[in-house]
Amino acid sequence: MTEELVLDTAIRDWVLVPLSVVMVLIGVLRYFVAKLMRSPAASPSPDPKLVKEGQVVVRARHLRTGAQFIPAKAFKSRKVYYTNEENGLLHVPKEEAQKAQAAMFSDPNMAMDMMKKNLSMIVPQTLTFAWVNFFFSGFVAAKIPFPLTLRFRGMLQNGIDLGTVDVSYVSSRSWYFLNLFGLRGLFSLILGEENATDDAQKMMQMGGGFGANPTMSLSAEKDSLDIIQHDWVLPKMEHHAEEVLRKLLKK
Amino acid sequence: MAAVATATAAAADDEARLLRLEEQAEHGGGGAWEYLCLVRKLRARRPDPVLRIGLELLNNSSARSRLASEQWTLYEQVAVAAMDCQRLDVAKDCIGVLSKKFPGSARVGRLEALLFEAKGEWADAERAYALILENNPFDQIVHKRKIAIAKAQGDMSLAVEYLNKYLELFMADHDAWRELAEIYVSLQMYKQAAFCYEELILAQPTIPLYHLAYAEVLYTMGGLENLQTARKYYASTIQLTGGKNTRALFGVCLCSAAISQLTKGRNKEEESSELQSLAAEALLKDYKQRAPSKEALITNMLKNMKLS
């Protein structure tokens with residue numbers, strides 16, 4: 001167990017360093033390819049319905065948070081305007097809600113965009129992985145200078161199925177993975193802060209795009225408007241104003 | 001409340017910095033570009049100094065080339081400032097440079113249309129805006145410009161129509177609501193104006209000016225219920241401004257006087273609060289401090305209203 005493995009210096013020159021260099025170069029290349037493939041229309045004309053729905057939600061939220069500042073009559077008429085079942089601004093017919101969801105998933109533009117993004121991410125990764133696997137699999141490429149617990153075996157010795165090798169030795173395939181995930185900091189140095197190689201963030205955006213469904217927020221807003229109680233604060237304001245004036249006069 | 005206070009403090013801070021930089025740039029002390037950036041950031045409207053300082057920077061070719069791609073922003077800024085100052089020749093030159101650099105750009109198109117507007121060629125301006133809207137029907141700035149054209153021609157009903165159409169889509173834009181409210185007031189359509197002010201109060205409940213304007217509209221409409229509501233909003237203005245707003249103090253007095261006039265003879269359902277007498281006192285004190293010569297006037301007026 002404690003026996004030292006001697007690593008050939010040729011491994012350093014022909015595996016360790018080239019692998020890192022190749023990974024960096026591929027990252028840079030991917031950045032530029034993604035830049036080229038990005039849809040030329042930076043700000044496509046938004047759907048009028050979407051714009052309007054967003055604005056309605058904002059206005060309804062204002063009504064909800066500021067309700068106590070307007071007279072009861074004004075509040076009631078607005079509430080009806082937003083939430084009535086026939087043509088209220090926030091009312092979404094059932095069929096339409098389903099249709100909207102279906103339309104979102106079948107929107108060809110969105111799918112296309114995502115495919116492009118995915119393509120620029122997956123294709124080079126598969127290729128480099130295949131390349132690494134073919135040429136450099138199954139041997140130890142480096143040794144990290146500190147001991148680690150056995151748990152790290154899966155991470156550092158991918159491709160070596162020996163239980164007796166010390167965990168601080170890194171297999172070549174694991175070196176590839178370490179590079180893949182660890183080079184983000186370097187890329188943001190080379191390519192500027194908001195570089196396209198930030199895979200994790202891209203994934204989050206993708207999820208967010210699907211999560212925010214405007215029709216959903218409409219009906220959620222409607223529900224919270226329905227249960228709100230109108231409590232006009234202005235009568236209290238008169239007393240507050242008296243206090244303010246008294247304080248002012250005392251000075 | 002604390003958030004509002006810090007926001008106003010920050011705004012005052014920025015304002016002071018702006019003025020300091022302006023002073024410095026005007027006297028050739030450098031910082032011209034910083035000043036222009038700050039003006040842009042704060043959206044301050046200071047066309048005179050911007051035109052002078054910006055033009056100086058543009059005419060200095062070495063300074064201009066140091067700005068690299070930022071110089072186009074400068075051209076735009078100077079063009080708008082020049083139109084504000086009616087220096088249409090300067091504006092035309094700037095826009096010419098920009099349209100040569102960015103042919104077919106909507107942003108330059110907007111500037112060109114703005115130039116038509118500055119010259120008073122309304123039909124041309126409208127045609128240019130219509131062209132931009134064809135490509136991008138949701139250009140808020142262009143919609144607003146169209147409303148401005150209608151207003152500049154004095155066609156208030158058309159402006160109202162455009163504004164209503166705009167607000168149907170962009171209903172969370174409180175600046176537009178404010179514009180509409182002011183137009184309605186000028187057209188004496190108080191009921192509609194009251195609706196707009198309600199909308200503004202909803203959007204930004206801590207701004208005392210909206211409460212004040214709403215109260216004034218209600219007071220103008222008259223009627224017992226409206227007067228009582230108006231008094232409440234005057235009171236909230238007093239609370240929000242800490243009693244520093246003279247208009248609100250007067251408003252409370254006037255409302256109370258009007259209410260007591262209307263309910264005279266009938267038994268008073270609403271017990272009269274101390275508010276009006278306090279407001280009258282505050283008014284008196286204020287006048288004593290700041291305009292002693294007018295004190296007699298105010299005492300007389302308050303006596304007429306039976307408030308002191």
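The model is predicted.

**Entry 1: α10 and α11 of chain B**

I began with helix α10(B), residues 156-169. I looked up how α10(B) packs on α11(B): the angle is about 150°, and the axes are 10 Å apart. An angle over 145 degrees counts as roughly antiparallel. That makes α10(B) roughly antiparallel to α11(B). I noted a left-handed crossing for this pair.

Next I listed the residues in the contact. From α10(B) come Met156(B), Ala159(B), Val160(B), Leu163(B), Asn164(B), Tyr166(B) and Leu167(B). From α11(B) come Ala176(B), Trp177(B), Glu179(B), Leu180(B), Ile183(B) and Tyr184(B). I sorted the contact by class: 11 nonpolar, 1 polar and 1 charged.

**Entry 2: α12 and α13 of chain B**

I moved on to α12(B), residues 190-203, and its packing on α13(B). Here I have an angle of about 155° and axes 9 Å apart. The two helices are therefore roughly antiparallel. Their crossing is left-handed.

On the α12(B) side I found Tyr190(B), Lys191(B), Ala193(B), Ala194(B), Tyr197(B), Glu198(B), Leu200(B) and Ile201(B). They meet Tyr210(B), His211(B), Ala213(B), Tyr214(B), Val217(B), Thr220(B) and Met221(B) of α13(B).

**Entry 3: α13 and α14 of chain B**

I then took α13(B), residues 208-221, with α14(B), residues 224-241. They pack at about 160°, and their axes are 8 Å apart. The pair is therefore roughly antiparallel. I logged this crossing as left-handed.

The α13(B) residues in the contact are Pro208(B), His211(B), Leu212(B), Tyr214(B), Ala215(B), Glu216(B), Leu218(B), Tyr219(B) and Met221(B). From α14(B) I noted several, including Asn226(B), Leu227(B), Ala230(B), Tyr233(B), Tyr234(B) and Leu240(B). Sorted by class, the contact has 12 nonpolar, 6 polar and 1 charged residues.

**Entry 4: backbone check**

Most residues other than glycine have a negative phi. Gln86(B) has a positive phi of about 60° and is not a glycine. I placed Gln86(B) in the loop between α5 (71-84) and α6 (88-101) of chain B. Gln188(B) also has a positive phi, about 60°, and is not a glycine. Gln188(B) sits in the loop between α11 (174-186) and α12 of chain B.

**Entry 5: chain B against chain A**

Last, I turned to the interface. I counted 39 residues of chain B in contact with 35 residues of chain A. The area buried between the chains is about 3300 Å². Carbon and sulfur atoms give 69% of that area.

Which three residues supply more than any other three of the area that chain B buries against chain A? I found Met171(B), Leu202(B) and Lys232(B), which supply 20%.

I also counted salt bridges between chain B and chain A: there are 5. I looked up one between Glu198(B) and Arg78(A), with the closest N and O atoms 2.8 Å apart.

How values were computed:
Residues numbered from 1 in each chain as written. Chains lettered and ligands numbered in written order. Predicted model: local features only at pLDDT ≥ 70, side-chain atom pairs only at ≥ 80, totals over all residues. Heavy atoms only, no water. Axes fitted to C-alpha atoms, helices over the stretch in contact; angles between N-to-C directions. Helix = DSSP H or I, 4+ residues; strand = E, 2+ residues; numbered from the N terminus. Parallel < 35°, antiparallel > 145°, perpendicular 65-115°, else oblique. Left-handed = near helix turned anticlockwise from the far one by under 90°. Contact = heavy atoms within 4.5 Å. Nonpolar A, V, L, I, M, F, W, Y, C, P; charged D, E, K, R; others polar. Buried area = accessible area lost by both parts, 1.4 Å probe. Salt bridge = Lys/Arg side-chain N within 4 Å of Asp/Glu carboxyl O.
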